[in-house]
Amino acid sequence: MNKTFKFILKKVYFLYEAVTNYRFYNLRKQTNGMLWPVVYKTMYEQCRNLPDLDIIEIGGATGAGSVAIAWGMKDANKKSQLIVVEKCEGGTRSDVGGYDDNLALIQEHFNKFDVNDKITLFPQEVTFDNGNDVISLVTTKTIAAFIHDADGRLDRDFLLFWPILKSNGLIIVDDYADEPKYKPISERHPQGGTKSVMTYRLLNQIIEWGLVKTSKKIGKTIFGYKPADADFSRFDLEVCNQIIEGVKRERDNFLNEREAVVQIR
Ligand SMILES: C[S@@+](CC[C@H](N)C(=O)[O-])C[C@H]1O[C@@H](n2cnc3c(N)ncnc32)[C@H](O)[C@@H]1O
């Protein structure tokens, strides 16, 4: 699609959102959120209707999605908490500044939108090793939802959080797109442009294992749930690793070929 046409289409679309969906249009604008206002609205609606159990969100950034989810929980008078995991540095966070700047910004947004009492922030990178520290913050027996909008490492987050998700619990995954944006790894691009492809391939495998049933797709955001008859013994970390290594190899080959073309010229 032509760039100017795409730009105009986006402007018109956001004007439409400003008129029809002002609450979430404004939330996105004020927090510099990365998802579409309609995605925040859908997150709000779906989380508002869940049982009164904690929710885990991986990848809070400036807090737009977290506020939408917490609003849903608050408007439904839930007692449960939203646990937000955000590493506060590197990647898109370097556009804001360092760790302290990012931590201050997300906290400022939680205050501004009056959701501080609904949120427990885990301001560190979640890893296979510290996943239990996140789980230890959960105050309910199971969780009602988990949301991944982080680094594409669905293998880690499904291994850690799927088992504590209640049956029919909500799963939201962003960046589901078969769109490689391969580039060298740097502080700004810690995944080297593999995030969407990694998410796409890992989620397809996880769906094939029957661990998620999808219900809705808005842009690159997938909404789904944990089927009642799902069998976690089908989850295979080794297969996930093969997918991840395959994507990394693809990126390396792409960059090597590009380098070779540049040298020939
Ligand atoms: C695309 S942004 C999230 C956007 C946000 N959900 C919104 O509504 O605007 C991804 C975020 O995930 C964070 N992140 C990536 N990997 C992470 C990890 N392993 N642990 C914690 N945060 C992570 C990044 O720092 C970044 O802020």
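Colleague: At roughly what angle do the axes of helix α2 (residues 22–31) and α3 cross?

Modeller: They cross at roughly 115 degrees and come within 8 Å. An axis is a line fitted to C-alpha atoms over the stretch in contact, with angles from 0 to 180 degrees between N-to-C directions. Helices are DSSP runs (H or I, at least four residues), numbered from the N terminus. This is a predicted model: local features need pLDDT of at least 70, side-chain atom pairs count only at pLDDT 80 or more, and totals for chains, interfaces and linings use all residues. Residues are numbered from 1 along each chain as its sequence is written.

Colleague: How are α2 and α3 therefore placed relative to each other?

Modeller: Roughly perpendicular; that label covers 65 to 115 degrees, with under 35 roughly parallel, over 145 roughly antiparallel and the rest oblique.

Colleague: Which residues of α2 and α3 meet?

Modeller: Contact asks for C-beta atoms, placed from the backbone, within 7 Å. Here Phe24, Tyr25, Leu27 and Arg28 of α2 meet Pro37, Tyr40 and Lys41 of α3. By class, that gives five nonpolar, no polar and two charged residues. Nonpolar means Ala, Val, Leu, Ile, Met, Phe, Trp, Tyr, Cys and Pro; charged means Asp, Glu, Lys and Arg; the others, Gly among them, are polar.

Colleague: At roughly what angle do α3 and α4 cross?

Modeller: Helix α3 (residues 37–48) and helix α4 (residues 64–75) cross at roughly 35 degrees, their axes coming within 8 Å. Among the residues that meet are Tyr40 and Met43 in α3, and Ala68 and Trp71 in α4. The α3 contact with α4 has nine nonpolar, two polar and three charged residues.

Methods: Helices (H or I, at least four residues) and strands (E, at least two) are DSSP runs, numbered from the N terminus. Two residues are in contact if their C-beta atoms, placed from the backbone, lie within 7 Å.
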